[in-house]
Amino acid sequence: MAIRFILLVNKQGQTRLAQYYEYLTLEERRALEGEIVRKCLARTEQQCSFVEHRNYKIVYRRYASLFFLVGVDNDEVCPSVLLNELAILEFIHLVVETMDRHFRNVCELDIMFHLETAHFMLEEMVMNGCIVETSKTNILTPIQLMDKAS
Amino acid sequence: MAGGSSSSSSSFSTAPAPSLVDSLFQRSLDDLIKALRSQPAGAEPSLLSRAVAEIRREIRSPDPDTKAVALQKLTYLSSLHGLDASWAAFHALELLPSPSPLHKRLAYVAASLSFHPSTTDVLPLSTHQLRKDLSPSSPPPFSSLALHLLSLSASPDLALHLAPDLLPLLSPRSSPSSPLRPKAAAAALRTLSVCPDVAPLLFKPLVDCLSSPDLRVVSAAVGAFAELASSGDPTPYLPLAPEFYRVLAESGSNWILIKLLKIFTRLAPLEPRLAARLVDPLCDLLRRSSAQSLVFECVRTVFSGLPDHDRAVRLAVDKVREFLASADDPNLRYLGLRALSMLGPRHSWAVEESREAVIRSLADPDPNIRREALHLIMVMVFDSNVVEISVLLVNYAMKSDPIFANELLDAVLTTCRRNVYELIVDFDWYVSLLGEMARNPHCTRGEEIERQIVDIGLRVRDARPELVRVARGLLIDPALLGNPFLCRILSAAAWVSGEYVEFSRNPLELVEALLQPRTSLLPPLVRAVYIQAVFKVLAFCFSTYIDQLEISQLSSLGNSTTGGASSIVESNTAAAASCIADGIAGMESTDGIATVGPLSENDEVEVHGRARNLLGLIHMLREILTWKTEEQGFIKDNRIGEIVNLLQSMFSEELGPVSVNAQNRVPVPEGLVLEENLADLAWTLTEDDTAPSMSISFSLRSHQHGKTKDAAASSVRSASLLAEHRKRHGLYYLPTEKDETESNDYPRANDPLLPASQGDVPEDLVKLTKQSLIPRKVKHTKPRPVVIKLDEGDGVSTFPSTTVKESKDDLLSGAIHDALLGEGKPSSSQKRYSDKSSRGRVKDIADTGESVSQSKENLESGNREHRSSGSKSKHRGHGKERHRSPQKNEEKEEKNHRNSARSSHHHERHKHRPRGEALLNVAPRAPVIQHFLL
């Protein structure tokens with residue numbers, strides 16, 4: 001039921017950040033990203049934010065030119081252990097707000113040029129696929145400390 | 001980000017040839033990104049390969065700065081451009097101990113993005129550094145990095161070695177509000193799941209986290225338990241229920257509540273008293289909470305955990321109706337449908353209440369919502385409403401888009417087929433529904449429909465007349481022949497009308513339909529079926545004709561003594577006989593020979609052979625025609641009777657369904673050695689296998705030469721045939737006359753209908769049905785016909801595989817169960833497990849596979865080892881016992897067992913007991929928690 005991967009993808013379908021919490025080979029990742037992006041980018045605003053793909057359920061949301069996609073297990077046998085879809089949407093929003101606060105109006109380029117920082121933010125929020133931190137201040141404090149130190 | 005190196009080297013980013021750039025003037029990551037962005041389309045691969053070559057050079061540099069930047073670039077490329085970075089694992093390890101926080105950070109990010117036990121063989125080398133960074137004396141950010149790497153790439157070995165180092169981070173004494181404690185809890189979860197042996201060590205601290213004043217710690221611990229409980233057997237966590245309940249009552253955080261509800265969803269079905277206690281807080285949350293995510297989670301918990309508590313279900317259903325009614329939020333509509341389908345058929349009243357919303361959702365702009373609605377409707381199908389729902393869906397499939405139309409057809413087909421058509425009472429209706437589906441312009445499910453048409457023909461005797469009627473309708477319509485998706489259905493229709501021709505009202509019409517000119521559009525194998533069907537029909541007509549002649553002969557001889565009985569027979573056969581009289585003559589001159597004639601030259605062997613057969617039959621029939629005029633000759637010629645009998649017996653044997661187990665029942669003939677190795681025969685194959693293929697291709701080629709020559713002639717002929725056919729069967733042709741002579745100018749069978757305007761589709765849909773989804777008793781006007789079912793193996797393939805989710809880490813829940821029970825005692829086993837860290841043991845555990853862990857207290861008295869070897873191995877033994885094993889194995893294991901009685905542990909994991917005994921052991925469920933709860 002934990003988060004399996006987090007992807008940030010731009011409108012053209014290029015991956016801008018990819019964090020996997022389970023092991024996939026590079027080929028599997030590339031194939032998965034391609035399929036998911038094709039599926040999600042084709043959807044309209046009037047359609048819901050949940051897409052099923054293979055054994056994943058993808059919860060996604062679009063912010064300006066960036067798509068934030070979170071993949072969780074899709075358990076058909078026991079749907080109640082699924083991660084709460086609405087909570088994932090809230091989590092995505094939290095990620096965006098956190099990045100926004102750090103980068104001041106975050107855009108695609110910020111994430112490209114500061115990929116590690118973006119990864120650190122996710123590391124602070126998600127550990128082993130579980131959401132461990134939801135306070136923006138708590139997430140950003142260690143990152144700011146590190147930035148100062150380096 | 002990249003510090004000084006970025007600014008100093010940026011001026012070199014425009015250097016024409018990067019290969020000339022000295023590694024001293026290294027490109028920074030920023031430069032690389034800029035270069036990638038500014039490069040023209042298509043140049044990326046070459047740029048990437050140059051960059052990787054650069055990195056390979058730089059990463060070996062003794063200078064840590066150069067190495068770090070190279071690693072940073074590689075991480076970027078592997079993460080976003082999918083390049084392989086596994087070769088650099090060692091270089092990442094080299095940087096891990098760096099005193100510079102920047103380098104350490106880079107190294108950890110690189111490692112956590114690319115390391116994995118299955119691919120990274122240098123992983124054990126990181127053990128020491130991780131331990132150092134995890135120690136309380138190192139700065140918290142370092143520990144955080146190490147925890148993250150551990151949580152992403154821990155191997156069982158690494159987990160076993162580093163588990164003790166997690167303890168100080170997990171304990172509340174380290175520092176009251178350390179940001180590391182929640183992370184340590186999450187990392188502990190990973191450690192537990194890769195290496196269940198550390199459960200005795202880590203479980204207690206994890207439980208203590210639940211009572212921490214720091215909400216983050218509680219959240220992480222609850223998250224870990226939610227993960228543990230939902231990924232395996234939840235039974236071992238039942239004793240913690242009071243603790244979870246306390247957190248539920250005290251905590252106000254939605255994040256924590258959602259995770260707690262997940263745990264309770266798993267625990268409630270195990271313990272009825274817990275479920276009863278949950279009703280009040282859940283109803284409270286449902287009423288008060290403004291967070292949709294929490295409300296939805298409550299609904300989910302109620303539906304799957306407490307379906308027996310009507311008050312809670314009532315409230316939750318009301319919430320779901322609100323979800324379904326939210327016009328502006330597709331997410332809520334989707335989740336509402338999702339939630340309803342979790343309610344079993346027992347609560348079909350809930351679906352009935354929101355029937356309109358559900359049916360409307362079939363026309364939702366979002367295909368995912370449509371699919372959910374369809375899924376929900378199909379869950380609610382019973383034998384009482386299957387007719388209404390199927391008709392609704394098949395009708396709606398005519399209007400919807402091609403993809404969804406086929407999903408609708410699929411749903412109907414699979415639901416009705418389920419368990420040898422157990423839902424279907426009126427097969428006449430179902431057969432005509434199949435015919436309707438075939439006429440759907442979007443239908444691409446030909447194979448399934450074909451299978452069912454033939455299957456019903458074989459299994460349900462009473463449905464055959466209707467089947468033949470439906471088949472006739474399909475065969476006679478020339479528009480269907482052009483659709484490649486339908487040819488499978490047509491093949492089934494042809495087979496049915498040939499096999500059960502006795503139910504046909506007008507066999508001759510069938511022959512004409514089967515030989516109509518447009519059959520040339522069919523693939524050869526289907527044509528072969530068509531021709532074979534013609535053969536059967538003709539054979540049938542022939543024998544009927546002879547019979548009729550005989551009867552008329554008799555009746556003319558024996559006056560009219562037979563009276564009523566014979567006249568009925570006569571009237572039945574008279575039609576067929578008179579048909580054949582003028583039919584055969586007509587057929588010979590037109591369709592029959594003309595269509596089949598060229599086929600005998602066809603290069604497809606099946607078509608060729610069968611066409612020849614048919615022609616042979618027709619030649620014989622021609623002779624009979626001459627007999628008709630001189631009836632004396634017929635009566636005298638006894639040969640005719642023999643031929644009739646022969647032909648009749650050819651097809652009179654009824655075909656039945658074949659059991660999937662039929663092969664097993666065939667006794668192996670004596671002297672046949674099935675186990676014999678066929679490898680010795682290999683030489684016969686290798687020598688001969690080229691010759692036949694040569695000859696075949698030869699003959700094919702020569703054939704085609706002949707064909708191309710008279711292609712023009714045959715097209716002219718077919719055009720005239722078509723015109724003739726059209727004249728006679730104007731009913732099935734469009735009225736337009738303009739291109740009558742062009743054979744390929746038919747209206748396509750699959751011309752999509754004009755899409756109905758979006759606005760009125762849902763209304764139409766709702767109007768389509770006034771049916772209810774609730775099962776109710778319907779009086780069936782006719783009894784359900786017999787459906788031939790074979791042995792138990794028959795239905796197997798149609799059952800949905802209801803494999804209960806077997807946890808991959810039953811071992812883990814077992815270990816935790818033991819850890820919980822053994823909490824008080826300073827057990828010796830604990831020490832043993834943390835000490836025994838050999839590689840072999842770990843592998844052993846992984847191998848034990850999918851044993852179902854039913855950790856039970858009652859011990860089997862016969863097994864002394866079970867008693868002596870502590871609770872943990874007890875569990876293992878039981879887990880394995882439930883696994884069925886072949887007899888031979890068991891004997892062997894038993895012998896083994898007696899031989900070496902020393903290491904009890906190993907043996908119990910491989911020992912098997914007869915099944916019955918194991919079942920007896922699954923008796924009492926929850927005595928463990930009695931004193932904990934309530």
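Predicted model: local features only at pLDDT ≥ 70, side-chain atom pairs only at ≥ 80, totals over all residues.
Local features are given only at pLDDT of at least 70 and side-chain atom pairs only at pLDDT 80 or more, while totals for chains, interfaces and linings use all residues; side-chain values rest on heavy atoms, with hydrogens and water left out. Residues are numbered from 1 along each chain as its sequence is written, and chains are lettered from A in the order in which they are written.

**Interface of chain A and chain B**

- Contact, meaning heavy atoms within 4.5 Å, joins 63 residues of chain A to 69 residues of chain B.
- The buried area, which is the accessible area (1.4 Å probe) that two parts lose on being put together, summed over both, comes to about 5800 Å², and carbon and sulfur atoms give 60% of it.
- Of the area that chain A buries against chain B, 12% is supplied by Phe113(A), Glu116(A) and Met127(A), more than by any other three residues.
- Five salt bridges are found across this interface, a salt bridge being a side-chain nitrogen of Lys or Arg within 4 Å of a carboxyl oxygen of Asp or Glu.
- Arg43(A) and Asp366(B) form a salt bridge in which the closest N and O atoms are 2.7 Å apart.
- On the side of chain A that touches chain B, helix α4 (residues 115–125) gives the most, with seven residues; helices here are DSSP runs of H or I with at least four residues, strands are runs of E with at least two, and both are numbered from the N terminus.
- The residues of that side of chain A divide into 32 nonpolar, 15 polar and 16 charged, where Ala, Val, Leu, Ile, Met, Phe, Trp, Tyr, Cys and Pro count as nonpolar, Asp, Glu, Lys and Arg as charged, and the others, Gly among them, as polar.

- Chain B has 48 helices and zero strands, and of its 934 residues 51% count as buried, that is, under 20% relative accessible area, with exposed meaning over 50% and partly exposed in between (1.4 Å probe, protein chains only).
- Among the contacts in chain B with a separation of 6 or more, 73% come from residues 24 or more positions apart.

**Single residues**

- Leu94(A) lies in helix α2 (residues 85–103) of chain A and is buried, with a relative accessible area of 9%.
- Not counting residues up to four places away in sequence, Leu94(A) touches Met125(A), Glu133(A), Thr134(A) and Lys136(A); Lys136(A) is 42 residues away along the chain, with 7.8 Å between the two C-alpha atoms.
- Arg104(A), in the loop between α2 and α3 (108–113) of chain A, has a positive phi near 55° although it is a residue other than glycine, and counts as exposed at 67% relative accessibility.
- Asn419(B), likewise not a glycine, has a positive phi of about 50°; Asn419(B) is placed in helix α23 (residues 402–421) of chain B and is buried, with a relative accessible area of 17%.
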